[in-house]
Every structure is written in C-alpha cells, then in structure tokens.
Amino acid sequence: MSDKKLIPDNLNNPDPDYWRSFEELYNDPSFVESSKHEFMDGAVDEFDTDKLSGFSRRKFFALVGASAALAAAGCNYRDKGEIIPYVHKPEEITLGKPTYYASTCRACPHSCGILIKTREGRPIKIDGNPDHPVSKGKICNKGHADILNLYDPERLAKPMKKMNDGSFSKIDWFRSDDEIMGIFDNANGKEIAIITHTIVSPTFKTLLDDFVKKYPTSKVYSYELFNEQNRVSAWEKSYGTTNIPLIKWNEAKIILSLESDFLGTEGNIIENTRLYSENRNVDDLKNFNKLYSVEGDMSLTGMNADIRIKLRPDAQLEFVNCLWNAIHDNNNELLKSFGIKYGIPFKKLNNLLKDIRSNKGKSIIHAGRTLPENVHIAVNYLNDLIGASNLFRNDSAEYSVSSLVDQEKLNSLILSMNSGNVAAVIHLDTNPVFHFPSDYGYVDAIKKVPSVITLTSGNYNETTALSNYVLPVNHGLESWGDAKTRTGFYSLQQPVILPLLETRQKEAVLLTWISGASITYSLDLYRNYLKSNWKNNIYPSLNSKLDFEQFWNGALHDGIVLDHSVPPDQGSIKSSGINEFNNIPPVSGYVLVLKESYAVGDGRFSNNGWLNELPNPISKIVWDNYASISMKTAAELDVKTNDLIEITSGTRTLKIPINIQPGCADKTITIELGYGRNNSGTISEGVGFNANIMQSKNSGLTPWLFTDVKVQKTGGSYPLAITQEFHAFDKGLTKDAAQKRNIIKEGTVAEYKINPEFLKEGRDEVNNTSLYPPHTDLKKSVKWAMSVDLNKCLGCGECVISCYSENNIPVVGKEQVSKGRDMQWLRVDRYYSGDPEDPQVSQQLMLCQHCDHAPCENVCPVSATTHSPDGLNQMVYNRCVGTRYCSNNCPYKVRRFNYFNFRDHFNNGYQLSPIFDLVFNPEVTIRSRGVMEKCTFCIQRIMEAREDAIRDDKPLKGSDVHTACQDACITTAIHFGDMNDTDSEINKYRNHNLGYHVLENLNTRPNVTYLAKLKNTDKEDA
C-alpha cells in the first residue's frame, strides 16, 4: 500500500481467496514484483563480511580453541560441570545413551511436570512428564526454551557488590553473607521487605515463615505482572469465596470467549488447549464443539474460533448486559441495537443466542483477565443463568500456597520505603523496577532504602542496577524444590546438573542467613531442609505404606506424589452483585490494551534467542513488539505498517511502530509487554519497546486496559521483521494459489456430515506418469510418514521451539530474518481470506514433505539430497556444496541455507561461548556455513529406535519413534509412524476422507498428509 492510499477502491469487494498481508490482497506493486522472484532481494547476493552490521573480527582462535577442547572431551560431562573423561563411570550412565529425570518446570506459576533428557550428565532437552496429572506430558514454549537459559553465557557467575562510585565489584559468598546478616541484625525494628513472584512451593513458604521468625520485622510481598486478581475479586463478590472452579473444557459444546486468550496466554494453557482440542475430533462429530470469540485484537484463541466477532474491550460489559436481557428476559431488542451500534451483523449475535439457549448446561462464557471486575461479575451471573456450573470441575481445584499482594499493601510498602522505615529490600529473582507501574514511585523509593539485595537466576536487569548486592542463584535445572498448584497431588523438583557457575540456590541463601553463620552453607543445605519438611509435615498425611526413604526415592523418580486432598466448596451465587449490570461506562475515543507476550512473557524470557525468533502466531513478527491497529484506524491516522505513532495516557507517553492487523477492532490499540529492556543481556538489550511505562496503579479500567488515550502520527518509521511473506510459494504462474491449488482445504461440520467425501469433489486428477524411477524398496518394510490434523493445530509454535532444541538450530537475529534467512526447519503458515476488516484465518504447519518424487533430489550435482529405503528425503551435510538448486526446485520452500556460520555471526559470537555449546544435542550434526538443511523427521530418533530393535531382536515398528514436534504438540495434532502398517494410526489418517496433500497435482507424492479443517458454522454464520 502507498502512503497516500491506505484503503484501496475494492475494499467493499475484497478478494475471497486466501491472502497473507494487505500488500498481497490488494496487489501492491512491490509485492507483485517480489513474488516473481525465488528469494528476497539481497538474500543470495555476494557479500563482504567487513561491511555487514554486527559482524566483527572475533576472538576466533580463543573460541575455536574452546570448542575444540569440548569436542576432544567427547562430551564426557560430569555432574560437576567439568569437561573431563570419566575415570570411574557412574552406574546410572551408559555412554551414548540418554538418561531422563522427572522434575518441575518453574518458567511460570503453573509449575508443569517435566522430563529432562541428559547426556553424560548434561541436560539437553526438556519435555513434559506424562505422569503429571495436569500437563500430562506436555509443556509450553517457555518450558521447552528454559534449557537455553541454563546455558546463557551472560548468566551472573559471582556475587557482586556496588562500590561507592556506583560500579559493581566481585565479592565472595562468605563475605556477602556476613555483611548482609549484619544488615539484618542491625535493622533496629525497621522492615525487611521480601519481594517474590507467586509462591507455589509449600516448603519454600515454610522457609519464609522461618525467616520471619528469625527476623520478625520481615514481610513478604508476592506479585505478578499478569494475574487473575480481577477474576478472583469478582468471584468472591459473586460467590463469597475465592475458590474459582476449574472448567471442563472437554465437555463444553458452546464456548463464548470474551477478550480471553485461554488457548494462548491465560490460565493453564497446557490443560486448556488439551481439553479444548479433545472436542475437535473429526471422527466424533457428535461432540464437536463450537467456539465464539469476541475480542478487540486478533488473538490465538480468536484465530481458532469458528465465529469471531470484533469488539473493543471497553464495550464488553454492554455486550454481556445485552446477552443477559436476551436470555433472561427473552428480549432481543437490546442485542439488535448493540449490533447496529458496533457494526456486528445481528445474524451472528442471533446464532450465538440460539446456540446458548439450545445448549444450556453445555455452554460457558469466559472473560479475559484484562477485563474489569464488573465484567467478570456480570459473566458469573450470566453463566449461572445458562447452567454453566455443570461444566465446573469437582475433582480438582487450584491450590494457593500464598496470596498475591494487593495494591493497598504495595502502596503501604512504598510509603514505608520513602519514610525511611525499611532497612532492606530483598528481591527473590524478581524485577519490580521493570514490572511495577511508574506512578507507584518504586524507583525513587528504592533509592531511599539503605540496603537493596537482588537475587537473580539470569543476568543483570533493571532492578540489579539499583541494588547494593547482586547475588547469582541457581537455574531451575540446578535446584531442589516442590510445588502444589492443585488439590490431589504435589510435584517435586530435583537438580539434573550441579551448578555450572558460582551460584547458590536462593532457598539455601535464605537458610544461610537464618543460621546466622556463613560457614553453614553447603550444597545439600536446601535439599536436607526440603527432605526434612516432607518427612515431618507432608509424608505423615499421605498414609504411605513405604518407609520414608523408599517413598522419597520413588517420589523423585516419578516427579509427583498423589495426596488425598479434596477441592474446597466453590460457594453459591449471591443476588447482591446483579446491580453490576447497570453501571455501563460510555465508550468513545481510543482504547489501549496491554497484553502478555506470546514469546517472552512478562520479560523474564526476553534474553532467550529461541523465543525472540519465534514468529508471533498472529502477525508473524519476530524480535519486536508493536501497536496493533485496524486498517480503518491506520487510515484515520494516515499511517502504514512500520510507521511510528505516539500514544498518550495521562502523563505517560510511548512512541512505537504500528502493525496493521486484519480483524482488529477500530480505535483499539494492543501492545505486548516484556520488551524494551535495559541493563539486560545481549539478546534482550534494546529489543522492542518498553510499553510497561504505560501502566498505572490508578487510572484505567484495569491495570492493562486504558480509555483515556490519545494517539498521533509522529513521522519516521521503524522496520519490523515479518516472516510471513518470505515463503510466497503460492505466487507466480497462478494467482490466488492458496485456494485454487488446494494448499488450504476447509469445509464445515454440517457439510461433512452430509457428504463425508466432499473433499474429493473437484480434486485435480494426478497423473501418475513420472520420469522418476520407481522406489521399489518403499513397500518392503517401514515407510515413515506424518499427518497434521488442522482441526487440532492451533498455530501456537510449541513444535518450532522443540525442533530448535532437538536439532541444534541456530538463532540468526532480526537482520538476517528480515533478509529471508531464517533457519527454522518448520513453520506455521497463516492465511487470511475474505474481508480484510473481519477475515477468516487458516493455519498450516509446513515442513519438508519428504516427497517420494522429490524435485530436490535429481538436481543436486553432488547427490547431497537422496531418498532412503524407508521414505526419507535425506540431507548429507558433508557432501553439500551449497548450490541451492534443491531449494530452487522445492515447491514448498522448506529448505534453509546457511549463508553464514550463524553461531559466529550473531551478536559477536554469542552462540560460540563454551557454555552455550553444552545445549547442543550430540546426536545431531552441528551445521556450518555453506550447507543446506531442513526437517529430517528426527532421523536421530529413528536410528536410535532401529538400534534398539536390532539389539532386542525385534522388528522396528512405527510407534517406536516419536518426532520432537509430535512430542511437543499439546493438542496431538501431529502423528508419525509407518504408513505401510495398515493397522497404524498414521495409515488411518493418510487414508482419511479429510486427508490431502499440499500441491498434490504436482505429483511430488508427499509423505505428509493434512486433515482438512472443519469449521463448526451454519450458513447463517457466514
């Protein structure tokens, strides 16, 4: 689009075919020109390394020497962290074979169960623990990527103390302990404030109680940047209790999501998505659910909704009020007027009403955490009206070890800090300087505290810069612990490697201070405390028939311990809160929404390269945050994507680039938090924009929703790196290829019920004549194949991060991604169709299709790409000379070429640090510059299964192998196995009525089958 004409003439008659950007939809000349070329401009140009930004002459010999030393040691990695050969091999370790340990993830408060894969004492991969009652073998992106944080070269290695000139100097642990204990002993009745995130560990809570006994003026303040306080407060006013029940998402027939991203960032997304996807089974249409999403910005939940309605978030209370009147009083007039006011077709609203009315007891309405308390109260009463309590679980409930601090207590703390009544502040792996709204005045208050002590498991941050002592603490994989987040079970955390650096477990640091003597510290200090607490306080209540030592060892092995606790009473609804329906605020002007980042969360993962390079599931932007606005709002402001705008709310101002987002409500501005860090790591420093400064403790409907907003164009632009257009394989000879060439195939549940073979109608006849010689071996034994169920695939990207970890894929950085040189072996393609202001969204996981007639194979001059007897399209790295003919011939554009040694090129060799090398999977070759790479169907896992089968003298079965992406997929959308086994699951999907291959008319004969997506819509919904 040009600057002068943001809205094209054909806006009211959009192309109904699939499109992926406004440039594509409206045939922007620059897009038309670029789509004629195989690669982006500059991607294949010759280059002078001396002229490349960020590329310097690095400490080549030192780094190569460190890498060579590591290679020579053969990865014989002792638990102690020393790279030396074994003299006496530990009994539990078989060289070359992985060892697995159960533990608990601490990437977020949900504390999912994890299974950690180690090689010779070195953790290399994190997956979910199948025995965990909630996560059931799955974890989120941050859980997978947390292993990269363990090997962060910039982790703080030694305690630091601020000198008189403001600089930091190294200090040993014993001296720091002695000095800090002296500070506590001389507090003279002043408060010692301890600031934590959510406390989920019963033993840690006991430890904090012991700390308060030792130092009676201590107080604990727990907070989260994103929390459920509005929901909890609303439930208490509605039901008289804070015991919010869990939801049976797998039994809901109709789900209405109001500004709620319950599939993306809100609640326990592992459990939510797993239960939700159970009712997206194409072989059980009777229980196929229907998802409505009403939201202001396109979210992962809204993208997967059957029916999506765009609505600015400050109008949600009015919407719920109209629904109440329509259902309770059987009066649709208010809802009609509401639809006219906000431009929502009444047929959509009427169908929603009909679905809820006809599914009472099987319908539920879920409000997002960013919405005000009165909306949550109104939703509670509306849910009670439609019988949603039938979908409340009574077998389990969330368990709170300790409550979060409220605004009143936080204000009181800051007042005490300002008045000089706080002797010390202890930040237990928290960063309140970055997280707290600026009008709390925490930065000024902390400068008035004599002693500020910050414990961090990462590197420097905004809070450490204002601290007197900065103490490095263990990563979660180096730590002991326990967690209780639900009734019915505990989970245990155990270290899988001894500390790599001079760090200590934060609980052990507190225990040392409690003891009053620095010499009491030992490596087992907290382990012994944890074990003692279990023996004395938890074990007796479990009525175990095992003696404690047997019980303890078994608990560590399993990672979980079942108990006999029962869910508390959730209360009964009160009539007093119904008055909330009448207090509807006026809606006008702009509304600002601050939301959690899909990648970096609240900023705790901002120094993680894997997550920064994971494309946003909606916009496909990497390495940045931005302001999402609608196309009409962009026209009103006279801006286009990448242009800078200035947002003002009260006295707070932010300048940030915009991204025009299809499906965004008008005058709604949405920004992800967690970016714009300073005094942080190499990866996170200066990445994105600090939108946290737009928070306020007083103004706004909620801490994340503001209506007193002004917006203006500032001039200038900021380039955002968008991955979506790099792989425009559907443009060229055929226009609108995504639809016409059947790249995306969809239908409706109703259509499929009537005609299960509707997908075959109009299907191109494939000419089986081929110049390729027949692969006679492929039917003799195992032939590997994959299927992707597009009804269950959410486009979340868990598979992408798991593939990063499994296959040693390097981070390339924003500059290289902008040139089209991203290295991810699989991607999630996102297509829009229909009205650009209110589009339909389709997604497709795309990876190497392992074609039987692979166009890449016969063009390679050195036979680097070949076909295996078991159906794999193989890459022989040491043959590849980088001609890139294979990439030119691949119609799916799934091959990645190493234009650099990216590990050396990215951020001055950040990924060549010796400690970073420890994250690599030794079963997968480390690739370098000049080599083509792609998905291998995890050949290393296939080879391991084959070796095991030979050793055990049994035939290799398809079910013996799980790929990394398959293991990571929360919704089980990915299946892998032997297509020659007629009884296998993969054979069933490959021959399913909804099964199809992408670009199958090319006769490439892919071994990846897609199940066409069914939308649960009626004709009236269109």
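This briefing walks through selected features of one protein chain. The model is predicted. The chain has 1022 residues, and 61% of them are buried. Its secondary structure comes to 30 helices and 40 strands. Among contacts with a separation of 6 or more, 74% join residues 24 or more positions apart.

- Helix H13 runs over residues 373-385.
- At 1.5 Å a residue, its 13 residues should span 18 Å. The C-alpha atoms at its ends are 19 Å apart, which agrees.
- Ten of the 13 residues of H13 are buried, so the rest of the structure largely encloses this helix.
- The buried residues are Asn374, Val375, His376, Ile377, Ala378, Val379, Asn380, Tyr381, Leu382 and Asn383.
- Glycine 387 follows H13 and has a positive phi, near 75°.

- Two packed helices are described by the angle between their axes and the distance between the axes. Both values are given below for each pair.
- Helix H17 covers residues 506-515, and its axis comes within 8 Å of the axis of H18. The two axes cross at roughly 90°.
- On the H17 side, the contact uses Glu507, Ala508, Leu511 and Thr512. On the H18 side, it uses Leu525, Tyr526 and Tyr529.
- By class, this contact of H17 with H18 has five nonpolar residues, one polar and one charged.
- Helix H18 (residues 525-542) also meets helix H19 (residues 548-558), with axes that come within 11 Å and cross at roughly 100°.
- H18 and H19 are therefore roughly perpendicular to each other, since angles of 65 to 115 degrees count that way.
- Leu530, Lys531, Trp534, Lys535, Tyr539 and Leu542 in H18 touch Phe548, Glu549, Phe551 and Trp552 in H19.
- The contact of H18 with H19 has seven nonpolar residues, three charged and no polar ones.

**Two asparagines with positive phi**

- Asparagine 543 is not a glycine, yet its phi is positive, about 55°.
- Asparagine 543 sits in the loop between H18 and H19.
- Asparagine 543 has a relative accessible area of 62%, so it is exposed, as the cut-off is over 50%.
- Asparagine 1003 is not a glycine either, and its phi is positive at about 65°.
- Asparagine 1003 lies in the loop between strand S38 (995-996) and strand S39 (1008-1011).
- Asparagine 1003 is buried, with a relative accessible area of 12%.

**Cysteines without disulfides**

- A disulfide is a covalent bond between the sulfur atoms of two cysteines.
- A search of the whole structure finds zero disulfides.
- Cysteine 799 is in no disulfide. Its nearest cysteine sulfur belongs to cysteine 796 and is 6.3 Å away. A disulfide needs the sulfur atoms within 2.5 Å.
- Cysteine 799 is buried, with a relative accessible area of 9%.
- Cysteine 322 is buried too, at a relative accessible area of 4%.

**Contacts across the sequence**

- Glycine 488 is in the loop between strand S18 (481-483) and strand S19 (489-493).
- Glycine 488 and aspartate 395 are 93 residues apart along the chain, and their C-alpha atoms are separated by 8.6 Å.
- Leaving out residues up to four places away in sequence, glycine 488 touches Val561, Leu562, Asp563 and Ser565.
- Phenylalanine 897 belongs to strand S35 (residues 896-897).
- Phenylalanine 897 counts as buried, at 12% relative accessibility.
- Phenylalanine 897 and methionine 932 are 35 residues apart along the chain, while their C-alpha atoms are separated by 4.4 Å.
- Leaving out residues up to four places away in sequence, phenylalanine 897 touches Met823, Gly882, Arg884, Phe902, Gly930, Val931 and Met932.

Technical notes. Residues are numbered from 1 along each chain as its sequence is written. This is a predicted model: local features need pLDDT of at least 70, side-chain atom pairs count only at pLDDT 80 or more; totals for chains, interfaces and linings use all residues. Side-chain values use heavy atoms; hydrogens and water are left out. Axes are lines fitted to C-alpha atoms, for helices over the stretch in contact, and angles run from 0 to 180 degrees between N-to-C directions. Helices (H or I, at least four residues) and strands (E, at least two) are DSSP runs, numbered from the N terminus. Angles under 35 degrees count as roughly parallel, over 145 as roughly antiparallel, 65 to 115 as roughly perpendicular and the rest as oblique. Contact means heavy atoms within 4.5 Å. Ala, Val, Leu, Ile, Met, Phe, Trp, Tyr, Cys and Pro count as nonpolar, Asp, Glu, Lys and Arg as charged, and the others, Gly among them, as polar. Buried means under 20% relative accessible area, exposed over 50%, partly exposed in between (1.4 Å probe, protein chains only). The expected span of a helix is 1.5 Å times one less than its number of residues.
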